[in-house]
Each structure stands twice: as C-alpha cells, then as structure tokens.
Amino acid sequence: MEDDVPDSEPLGPLGAGDPTAPQWMPPEIDRTVATPARIYSYLLGGKEHFAVDRAAVEQAAEALPVRDFARVNRAFLTRAVRHLAEAALDQFLDIGVGLPAPGSTAETALSVRHDARIVGVDNDPIVLAHARAHGGEGATVVAGDVRRPGEILQNPEVRARLDFDRPVAVLIVAVMHFVPDEDDPYGAVRALMDAVAPGSVLVLSQVTSDLDPDGIHATAKAYARSSVRTAVRSREQIAAFFDGLEPIDPGPVMLSRWRPDEQVRDGDDRIGMYGGVAVKP
C-alpha cells in the first residue's frame, strides 16, 4: 500500500479511524518501524510499504545495489521452484513468504503444476492480514517463525495442506540473514528437514559479506532500525545449512550461477548472495 501521508508528517501506528488505513489493516500494524516483508515489497515493485520502509531502502542503496539483490534473489527462487515443479514435486513450504510480488513460489509452482500445494509462513502481521483479506495467491498463509520450527510443523493448517509422508520443498529464501547465531539457525533448518520425508528438498539463500564486507556492514546499519537484526555469513557458513543433504548441481553458489536463464544479467555474479538446492536422501 502506498503511504498516502506525506513523508514529512509524523508516522504513527495505523489504527481504527485512520483514514489512510485500508479496511483489512489491523490496528497493530506499526508504520514507524520498517519490516523485511515491506522492504522486500518495495524492492520488488510491490505496493505494500510505508515511508519508513522506503527510507530504509534508500539508505541501504547508498552502500549496496539492494534492488539488484532483491531481483537476483527473486529470480533464483523462481528458477528453483520451476525446476522442482517440473521434476514432479508438488508440495511447497515457503518460510518467509512475504507480500505478493511477481515470481512468487505460488505463482511459479502453479504455472507448472495446477495441483501444487503451497503453504506460506510469515511472522509479519501485514503479510498475514493481507492474506486474510485478499488470499495468498494460491497459497495457504499461516503465522510462524523459522526460529520456532516446531510451531510451524505442528500448525494444523500446515498439516492439513501438506502431506509430510511425501516429499516437500522447504524454501527458506532470503530469511536466514535475519536469524543471528544465538537463535540457532542451523538447528532450525535441521529440525525442518528432519521432519520431512526422504526426497524432500531444501531451497535456501542468504546474503554474504565475502564480496563487499564494507557495503554489507553499511547496509546492516540501515536495517538496524527495522524490526529485525541481521547476520551475514560466509560461503562456508551458508553451505553448512545443506549439511547431510545431497546438492542438486551446481550446489551452493552465487545466486546468478544456479542454473542461469535469460533473466540473468551481466554483473549479477557480483551480487553477494549464495544459495542452493539440495535433496534429503
């Protein structure tokens, strides 16, 4: 949602009686604090963002080409989901599903398989409110946090939609750089993959500091005023998320190098994000 209030005006929580708030917006939505979902919506050309989210993006863009990061990451997600759907995988658990934008998991999977089942998980109230009001673009969207995998796995809506006796694609794309080490990110991913059937797949991407540590540090400062903390990792640390799984060629690589197509542009190999796709044996 474009913010109808001029950016120079003080920003307060959206609540009942606020003429700028759409009917579906719950009063607990706070537009004084940027969130990853709304920032990503802005980066991808979506409409669900506020002035504070745009300000965070513009500050970050002074240090890094953050719009290119979002574009390259979304293109990786689209290629990975398309590959898995074409390989007959029909169940997708998208953790950190975010707000609607082109190339989403649901849009891509359903374009290949009309019978695909997609569950999106997010901890941002605006994502959940939007899904309740407008639907999840073909996905069932539930509240959850990757840091608490047990709650996701036991959610009755997740269990009703996905058959855990059959392979599931677990997507954790551009999420883990918001999970610091003290929140046990590796344990969370391991718990999710331990719960799914053999033949299930992990799709994961994360920002790295390997290419431009100064730019990443400056961007992290811009995100410091958002609702989350950031945790940047090396290629080896990101590859460790796939331990015990069998990588689908070419393994964990820079995102532009994972089965590139015509959407990959010159220079995309300088975007500092690693990702990969791997199968549970």
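Predicted model: local features only at pLDDT ≥ 70, side-chain atom pairs only at ≥ 80, totals over all residues.
Biologist: Where is Asn155 found, and with which residues is it in contact beyond its neighbours within four places in sequence?

Modeller: Asn155 belongs to the loop between helix H6 (149-154) and helix H7 (156-161); helices (H or I, at least four residues) and strands (E, at least two) are DSSP runs numbered from the N terminus. Once neighbours within four places are set aside, the contacts of Asn155 (heavy atoms within 4.5 Å) are Val142 and Ala143.

Biologist: How many helices and strands does the chain have?

Modeller: Of the 281 residues of the chain, 53% count as buried. Among contacts with a separation of 6 or more, 71% are between residues 24 or more positions apart. The secondary structure comes to 10 helices and 8 strands.

Biologist: Why is the pair of Phe76 and Trp258 edge-to-face?

Modeller: The structure holds 2 aromatic pairs, a pair being rings of Phe, Tyr or Trp (its six-membered ring) with centres within 6.5 Å, called stacked for planes under 30 degrees apart, edge-to-face over 60 and tilted for the rest. In the pair of Phe76 and Trp258, the ring centres are 5.9 Å apart and the planes stand at 90 degrees, so the pair is edge-to-face.

Biologist: How many residues apart in sequence are the parts that Phe76 and Trp258 tie together?

Modeller: Phe76 is buried, and Trp258 is buried as well. Phe76 lies in helix H3 (residues 66-86), whereas Trp258 is placed in the loop between strand E7 (253-254) and strand E8 (273-279), so the parts tied together are 182 residues apart.

Biologist: Which kind of pair do the rings of Tyr186 and Phe241 form?

Modeller: Tyr186 is partly exposed, at 25% relative accessible area, while Phe241 is buried, at 4%. Their ring centres are 4.3 Å apart and their planes at 25 degrees, so the pair is stacked.

Biologist: Which residues besides its neighbours within four places in sequence are in contact with Gln237?

Modeller: Gln237 is found in helix H10 and is partly exposed, with a relative accessible area of 36%. Its C-alpha is 9.3 Å from that of Thr208, a residue 29 positions away in sequence. Apart from neighbours within four places, the residues in contact with Gln237 are Tyr186 and Val232.

Biologist: At what distance from the ring centre does Arg259 lie over the face of Trp258?

Modeller: A charge sits over a ring if NZ of Lys or CZ of Arg is within 6 Å of the ring centre and within 35 degrees of the ring normal. Arg159 lies over the face of Phe164, at 4.2 Å from the ring centre. For Arg259 over Trp258, the distance is 5.4 Å.

Biologist: What is the phi of Arg259?

Modeller: Arg259 has its place in the loop between E7 and E8 and counts as partly exposed, at 35% relative accessibility. Although Arg259 is not a glycine, its phi is positive, at about 45 degrees.

Biologist: Where in the chain is Ala88, and what is its phi?

Modeller: Ala88 is placed in the loop between H3 and strand E1 (91-95). At 49% relative accessibility, Ala88 counts as partly exposed. Ala88 is not a glycine, yet its phi is positive, at about 85 degrees.

Biologist: Is the peptide bond from Asp249 to Pro250 cis or trans, and what is its omega?

Modeller: Pro250 lies in the loop between E6 and E7. The peptide bond that joins Asp249 to Pro250 is cis, with omega near 15 degrees.

Note on methods:
Residues numbered from 1 in each chain as written. Heavy atoms only, no water. Buried < 20%, exposed > 50% of the residue type's maximum accessible area, 1.4 Å probe, protein only.
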